[in-house]
Amino acid sequence: VFVCAVGLLARQYQTFRKAEMKIESKNAADMVVPGTLAKKKEEFVDDGYWLLRFPFGIYAGWISCMIPLMLSIVLSTLEVDVVVLVWVAVMSVALLTGLSMGLLLRKENGLPSYSMPSAIAYFFCGVRVELEAPNDIILAMYDEAYLNLLKNVSAIAAVMLLVTAVSRFGAVYLRDRCMKKEEQNDEYDATAGLDEVDYIQA
């Protein structure tokens, strides 16, 4: 099953690259003829998103969360001081939150990315729920003050990521709608201008 999945993803990636190269060559071949109105439109290919970018984004987000978790487990088995473990946890939350914010707020084509920040936000929510009723091992290692600190940090990070993702999605959606409406108005104005020129020449 894993080999089939990898083969399917590789096939989909090849299809995505071919479509992207086709669009790039088409845009490079377009030329503006003097005396006429021409306008290039940016095209975004979303082929392969659900079979390539989305699952790998979820996987990358989950692996990013597991790395500090495994590090904390290794440090706890080495009987490192609890203060060090708390600092590792807090810094890991800060780094993961910064990474997710960077993915949500960058402005390149085809972005922002929502899959990896969503996985990280889900992880933070799971940590918050787990610390509501911690097991005996966690209670034996951490004081109540440390547990409250970790709960609050995880909850704040999860809320920040979810609010940023929703607001960013809404802002991108509204921007695309406004740009599409402006393009339609420009096309209408250009058509009206050409009709007026033809009428004057006639």
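This is a predicted model: local features need pLDDT of at least 70, side-chain atom pairs count only at pLDDT 80 or more; totals for chains, interfaces and linings use all residues.
**Confidence.** Start with the whole chain, coloured by pLDDT. The mean is 76, and 65% of the residues reach 70 or more. Now select helix 1, residues 2-29. Its mean pLDDT of 57 is the lowest among the elements of the chain. Then select helix 4, residues 115-130. Here the mean is the highest, at 92.

Move to residues 31-45. The pLDDT stays under 50 there, and the model has 15 contacts beyond four places in sequence for this stretch.

**Aromatic pairs.** The structure holds four of them. Show Trp 62 and Tyr 122. Their ring centres are 6.3 Å apart and their planes lie at 40°, so this pair is tilted. Trp 62 sits in helix 2 (residues 49-77) and Tyr 122 in helix 4, so the pair joins parts of the chain 60 residues apart. Are these two residues buried or exposed? Trp 62 is partly exposed, at 38% relative accessible area. Tyr 122 is exposed, at 59%.

Now show Tyr 114 and Phe 169. The ring centres are 5.9 Å apart, with planes at 75°, so the pair is edge-to-face. Tyr 114 lies in the loop between helix 3 (82-105) and helix 4, while Phe 169 belongs to helix 6 (residues 144-201). They are 55 residues apart. Phe 169 counts as exposed, with 51% relative accessibility.

**Last stop.** Select Trp 62, Tyr 122, Phe 123 and Phe 124 together. Ring pairs link these residues into a cluster.

Key:
Residues are numbered from 1 along each chain as its sequence is written. Side-chain values use heavy atoms; hydrogens and water are left out. pLDDT is the predictor's confidence in each residue, from 0 to 100. Helices (H or I, at least four residues) and strands (E, at least two) are DSSP runs, numbered from the N terminus. Contact means heavy atoms within 4.5 Å. Rings of Phe, Tyr and Trp (its six-membered ring) pair if their centres lie within 6.5 Å; planes under 30 degrees apart count as stacked, over 60 as edge-to-face and the rest as tilted. Buried means under 20% relative accessible area, exposed over 50%, partly exposed in between (1.4 Å probe, protein chains only).
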